[in-house]
Amino acid sequence: SESRTDELLCLSDLYVGDPASSVNYMVLAGGVPAIFANFSEFKLLNILTNKSFYIKHIVTDKDEFVKTLRLFKDRTLPEQYNNSAINLKSIDKTVEFINE
C-alpha cells in the first residue's frame, strides 16, 4: 500500500531526517520529536537550514547520532528545533478574517 509523508509523520514516535528537507516544515507544525543529521562533508547546509527550520542541533557524526538516539530512548532528548515561530492557528485566523 502507499503512504504519504504527512501520514507517516503522524504515526511516528521520532523523525530522523536531513536538515535541508522540506519535510521539516511538517515536523515543525506537527511537533514530532526529531533528530536532524548531516553526515556529509558539506557543513554549510547546517548553517543555512538552522535559520530556515529553526533547528537547534544537527548531528554530524555517527557516535553523536547513537548518543542522541539513546537520549530519545531514555526520554531525555531535548527539543531539537524551535517551532514557536510557526503559526499553528492559520486556518482559524483566516476564518476569523473572513467573518469580520
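I start with Gln80, which sits in the loop between H4 and H5. Helices here are DSSP runs of H or I with at least four residues, strands are runs of E with at least two, and both are numbered from the N terminus. Before going on, the provenance: this is a predicted model, in which local features need pLDDT of at least 70 and side-chain atom pairs count only at pLDDT 80 or more, while totals for chains, interfaces and linings use all residues. Residues are numbered from 1 along each chain as its sequence is written, and side-chain values use heavy atoms, with hydrogens and water left out.

Back to Gln80. Is this residue buried or exposed? Its relative accessibility is 6%, so Gln80 counts as buried; buried means under 20% relative accessible area, exposed over 50%, and partly exposed in between, with a 1.4 Å probe and protein chains only. A polar atom of the Gln80 side chain lies 2.8 Å from the backbone oxygen of Pro78. That is a polar contact, meaning a pair of N or O atoms within 3.5 Å; within protein, one must be able to donate a hydrogen and the other to accept it, and residues adjacent in sequence count only if both atoms are side-chain atoms. Setting aside neighbours within four places in sequence, Gln80 is in contact (heavy atoms within 4.5 Å) with Ala34, Phe36, Ile55, Lys56 and His57.

Two strands pair if DSSP finds at least two bridges between them, and E2 and E3 are joined by two bridges. Phe36 stands opposite Ile58 in E3. Leaving out neighbours within four places in sequence, the contacts of Ile58 include Pro19, Phe36, Asn46 and Glu64.

Next, the nonpolar cores. A nonpolar core is a set of buried Ala, Val, Leu, Ile, Met, Phe, Trp, Tyr and Cys residues joined through side-chain atoms within 4.5 Å. The largest one has twelve residues, among them Tyr15, Phe36, Phe53, Ile58 and Tyr81. Helix H2 (24-30) and strand E2 (34-37) are the elements that give two or more residues to this core. Another core lies apart from it, with six residues including Leu14, Ile35, Ala37 and Leu77.

On to the rings. A pair of aromatic rings is described by the distance of the centres and the angle of the planes. Rings of Phe, Tyr and Trp (its six-membered ring) pair if their centres lie within 6.5 Å; planes under 30 degrees apart count as stacked, over 60 as edge-to-face and the rest as tilted. The count by this rule is four aromatic pairs. One of them, Tyr25 with Phe53, is edge-to-face at 4.7 Å centre to centre and 65 degrees between the planes. Tyr25 belongs to helix H2 and Phe53 to helix H3 (residues 44-53), 28 residues apart, and the pair links distant parts of the chain. Tyr25 is partly exposed at 49% relative accessible area, whereas Phe53 is buried at 6%. Phe36 and Tyr81 also form an edge-to-face pair, at 6.1 Å centre to centre and 80 degrees between the planes. Phe36 is in strand E2 and Tyr81 in the loop between H4 and helix H5 (90-99), so this pair ties together parts 45 residues apart in sequence. Both Phe36 and Tyr81 are buried, and together with Tyr15 they form one aromatic cluster.

Last, helix H4. How does its span compare with expectation? The expected span of a helix is 1.5 Å times one less than its number of residues; for the twelve residues of H4 that gives 16 Å, and the end C-alpha atoms are 16 Å apart, which agrees. Asp61 is partly exposed at 37% relative accessibility. At the start of H4, a side-chain oxygen of Asp61 comes within 3.1 Å of the backbone nitrogen of Asp63, and the Asp61 side chain also reaches the backbone nitrogen of Glu64 at 2.8 Å. Within H4 (residues 62-73) is Thr68, buried at 6% relative accessibility. Leaving out residues up to four places away in sequence, Thr68 touches Ile35, Val59 and Leu77. After H4 comes Arg75, with a positive phi near 60 degrees.
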